[in-house]
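Let me put the structure up, and then I'll walk you through it.

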Amino acid sequence: MSFDDNATLIENLQIGNEKAYMFLLDTYHKRLYAYALSLLHDSAMAEDIVQNVFLKTWKSRKKLNKQFAIKSFLYKAVYNEFINSYQKKKAMMLLQQKYIESLGEVVEETDDNLIEKMIAIVNEEIKKLPPKCQKVFVLSKKEGLTNVEISDHLNVSIKTVEAQITKAFTILRKSLGKKYEMIFFVFFGTTALKKNIVTNP
């Protein structure tokens with residue numbers, strides 16, 4: 001069967017014909033990658049965007065309209081993904097800048113061991129959490145487990161996991177106070193610093 005005809009291609013995609021999907025990949029992957037690369041100038045991100053576009057196209061294939069060219073749809077989808085990634089990156093940069101500025105405002109000490117002191121303070125407060133609360137919090141924020149994984153690991157409900165994490169944040173916000181609150185959030189938003197936080201559940 002030939003999928004060169006736009007309507008035929010879309011009809012076969014809608015019914016889940018994998019050969020039609022492979023034809024879509026073979027025909028447009030290189031073109032879309034080149035287009036994404038021209039927007040991003042980053043090969044890894046360009047590849048991620050193209051993969052996301054194909055994945056989303058397959059998942060929403062039943063909503064495709066055979067009256068519209070699949071080629072135009074794909075190029076528009078790549079552009080939309082580019083805009084979304086740009087906005088997320090910009091938002092993250094602004095968030096990081098906000099953290100840096102806030103740190104400058106709330107931290108008065110300037111000695112070389114400041115970060116180590118902050119880590120020690122956060123660790124000590126985590127150790128003071130109730131045992132069950134501490135265990136769930138460490139698995140989530142230090143070990144990086146999802147709520148579902150923690151639920152299975154501890155044999156408790158997901159709602160219990162969510163409640164314990166919320167409880168931990170509430171206790172830590174109160175115990176750390178305004179001076180250390182921003183530093184606390186920077187710790188758990190930065191992979192390098194998360195690895196430095198060691199607790200004994």
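A quick word on terms first: helices (H or I, at least four residues) and strands (E, at least two) are DSSP runs, numbered from the N terminus. By that count, the protein has nine helices and zero strands, so the pattern along the sequence reads α-α-α-α-α-α-α-α-α. This is a predicted model, where local features need pLDDT of at least 70, side-chain atom pairs count only at pLDDT 80 or more, and totals for chains, interfaces and linings use all residues. Residues are numbered from 1 along each chain as its sequence is written, and side-chain values use heavy atoms, with hydrogens and water left out.

Now the overall numbers. Of the 201 residues, 31% are buried, where buried means under 20% relative accessible area, exposed means over 50%, and partly exposed is in between (1.4 Å probe, protein chains only). For contacts, meaning heavy atoms within 4.5 Å, 64% of those between residues at least 6 apart in sequence join residues at least 24 apart.

So what sits inside? A nonpolar core here is a set of buried Ala, Val, Leu, Ile, Met, Phe, Trp, Tyr and Cys residues joined through side-chain atoms within 4.5 Å. The largest one has 22 residues, and Leu-24 and Ile-70 have the most contacts inside it. Two or more residues each come from α1, α2 (18-40), α3 (43-59) and α4 (70-106), with α2 giving the largest share, seven residues. Setting aside neighbours within four places in sequence, Ile-70 is in contact with Asn-6, Leu-9, Ile-10, Leu-24, Tyr-28 and Leu-64. There is also a second, separate core of 15 residues, which includes Cys-133, Ile-150, Leu-172 and Leu-176.

Asn-12 belongs to helix α1 (residues 6-14). Is Asn-12 buried or exposed? At 9% relative accessibility, Asn-12 is buried, and beyond four places in sequence Asn-12 touches Met-1, Phe-3, Asn-17 and Ala-20.

On to the rings. Rings of Phe, Tyr and Trp (its six-membered ring) pair if their centres lie within 6.5 Å; planes under 30 degrees apart are stacked, over 60 edge-to-face, and the rest tilted. The whole structure has five aromatic pairs. One of them is Tyr-35 with Tyr-75, tilted, at 5.2 Å centre to centre and 55° between the planes. Because Tyr-35 lies in helix α2 and Tyr-75 in helix α4, this pair ties together parts that are 40 residues apart in sequence. Tyr-79 and Phe-82 are also tilted, with centres 6.2 Å apart and planes at 50°. Tyr-79 is partly exposed at 39%, while Phe-82 is buried at 16%.

Last stop, the backbone. Most residues other than glycine have a negative phi. Asn-155 is not a glycine, yet has a positive phi of about 60°. Asn-155 is in the loop between α7 (147-154) and α8 (158-187), and is exposed at 71%.
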